[in-house]
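Q: I've got a model open and a few minutes. Can you walk me through it?

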Amino acid sequence: MALKGNLRDFSTTQLLNLINLARKTGTLTIQHSGESAHMSFREGKLIYAYMGDNDNNHLAIILQHSGKLSAEQAQIIQAHAEGKSDKQLGHLLITAGRVTQNDIIQSVRQNVLDIVYRLFTWVEGIFRFEANKLPSPGHITIPIDLESVIMEGSRRLKEWEVLQEELPDLDVSLQFTDRPDARLRNINLTVEEWRVVSFVNPRNTIRQIAKANNLSEFEIRRIVYGMLQAGLVEFVDRPKPAPVAEAADQGRRPKRQAVEQPPDVKRSVVERLIDRIKSI
Amino acid sequence: MQAVKMVITGPFSAGKTEFIGAVSEIDVVSTERKISSAAEQIKETTTVAMDFGRITVGDDLVLYLFGTPGQRRFDFMWDILSQGMLGFVVMVDSTKPETFREAKRILETFESYASTPYVVAANKQDMEDAWEPEDLRIILRLRQEVKILPCVATDKESVKNVLLELLYSILEQLDQNSQ
């Protein structure tokens with residue numbers, strides 16, 4: 001049977017919780033704003049994830065992102081990896097002494113987690129779980145307990161909510177505050193933050209900066225929020241305050257003050273009802 | 001004449017009217033009206049006050065089945081309909097995950113009305129897109145002791161099974177209360 005729906009109705013947390021509790025095996029695909037994410041599970045454990053439509057030859061890129069390979073090394077290896085699975089490539093890299101087995105395990109694990117944590121910020125998207133569909137044997141799979149993933153994802157979700165509240169509109173531009181150079185000299189910025197800095201310009205919206213740097217909404221919000229807090233940048237146009245959410249109507253329904261006791265019905269009456277319904 | 005009643009509740013378009021119609025010995029007294037809201041125009045008519053079905057057990061005993069209106073603006077009727085109920089069935093359209101949250105809210109509201117037993121009917125299990133009952137249990141956060149039953153509201157045997165399971169739960173509660 002199908003397990004499909006929209007993240008509007010079920011959060012990523014709920015879906016992962018369902019997969020964990022029901023110890024499901026299969027692949028969950030989520031499509032959101034032109035992006036697609038795929039996560040595979042075996043008996044309720046997360047074992048693999050990738051973004052996009054092509055899940056082949058990811059290892060070199062993953063190792064580059066984790067700093068185990070330089071961009072140049074990754075490019076050369078990628079060019080020679082044609083037709084090889086990630087497992088075969090990993091074996092070759094270990095044999096050649098480029099990386100250790102632990103490097104590969106940790107990098108792949110972190111890559112899977114980064115993908116899944118990113119999904120916690122998706123509030124809309126079509127999802128579909130295909131039971132018993134698993135990655136082909138050539139892929140490197142690492143079992144990860146979902147409990148800790150759900151906990152960490154929920155924590156990040158809270159952070160996401162705060163960031164969204166502080167920075168609701170990504171279609172605004174940034175500019176440096178007065179004398180940012182002096183401040184920039186005294187602050188340590190990550191590579192991503194420097195990239196964002198290089199795009200700060202009243203002509204670029206935050207969304208455009210994110211796109212140019214291939215950053216998710218969560219990542220760009222976190223970076224920009226940090227810069228705003230540090231006083232490095234300011235809005236060209238102040239973003240409009242987030243619309244106040246309409247009060248939930250959960251309290252609208254009338255509730256009695258006390259829970260009513262069941263009607264006083266004899267056992268024989270219920271037994272007669274059972275016999276009658278059986279005879280229908 | 002003793003009359004006992006059960007309430008069939010659930011979100012809009014969950015299949016409550018069909019459920020009652022499958023076992024009622026009278027044509028369901030249904031107060032359906034043309035749907036005015038564009039958002040709810042999945043079907044042509046909907047229950048605006050209540051459905052009413054009857055199963056006569058004998059000269060001295062009758063079972064009434066009341067279906068609650070599915071649309072939110074009639075939820076003031078729920079309180080009235082739930083008074084004195086023997087138990088209730090929460091119908092869920094297993095093919096419409098967008099209604100599960102509403103089903104959970106309805107379930108919690110009826111739970112707060114009375115401490116009567118209830119079961120959850122995972123309706124439309126004959127459809128390809130239906131979620132499995134045990135997946136619904138997790139999503140609806142049902143306790144293990146709450147029965148969630150596969151159901152096809154247009155199939156009499158399936159509806160009978162749901163009602164019987166509810167009655168077995170009622171018997172169990174009677175036994176526990178008498179101990």
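Q: Leaving aside neighbours within four places in sequence, what is A:V236 in contact with?
A: A:V236 is in contact with A:V172, A:S173, A:L174, A:Q175 and A:P202. Contact here means C-beta atoms, placed from the backbone, within 7 Å.

Q: What kind of model is this, and how is it numbered?
A: This is a predicted model: local features need pLDDT of at least 70, side-chain atom pairs count only at pLDDT 80 or more, and totals for chains, interfaces and linings use all residues. Residues are numbered from 1 along each chain as its sequence is written, with chains lettered from A and ligands numbered from 1 in the order in which they are written.

Q: Where is A:V236?
A: In the loop between strand 7 (233–235) and helix 11 of chain A. Helices (H or I, at least four residues) and strands (E, at least two) are DSSP runs, numbered from the N terminus.

Q: Why does A:V236 count as partly exposed?
A: Because A:V236 has 14 C-beta neighbours inside 10 Å. Buried takes 20 or more other C-beta atoms within 10 Å, exposed 12 or fewer, and partly exposed is in between.

Q: New topic. How many residues of chain A touch chain B?
A: 33 residues of chain A, against 41 residues of chain B. The largest share of the chain A side, nine residues, comes from helix 11. By class, that side has 18 nonpolar, five polar and ten charged residues. Nonpolar is Ala, Val, Leu, Ile, Met, Phe, Trp, Tyr, Cys and Pro; charged is Asp, Glu, Lys and Arg; the others, Gly among them, are polar.

Q: What about the sheet in chain A, what's the strand order?
A: 1-5-2-3-4, five strands in an open sheet with antiparallel pairing. Strands pair if DSSP finds at least two bridges between them. Strand 1 and strand 4 (45–51) are the edges, each pairing on one side only.

Q: How many bridges join strand 2 and strand 3?
A: Seven, between strand 2 (residues 26–32) and strand 3 (residues 35–42) of chain A. A:T27 stands opposite A:S40 in strand 3.

Q: Which helix lies across strand 2, strand 3 and strand 4?
A: Helix 5 (residues 101–119) of chain A, at about 80° to strand 4. Axes are lines fitted to C-alpha atoms, for helices over the stretch in contact, and angles run from 0 to 180 degrees between N-to-C directions.

Notes:
Two residues are in contact if their C-beta atoms, placed from the backbone, lie within 7 Å.
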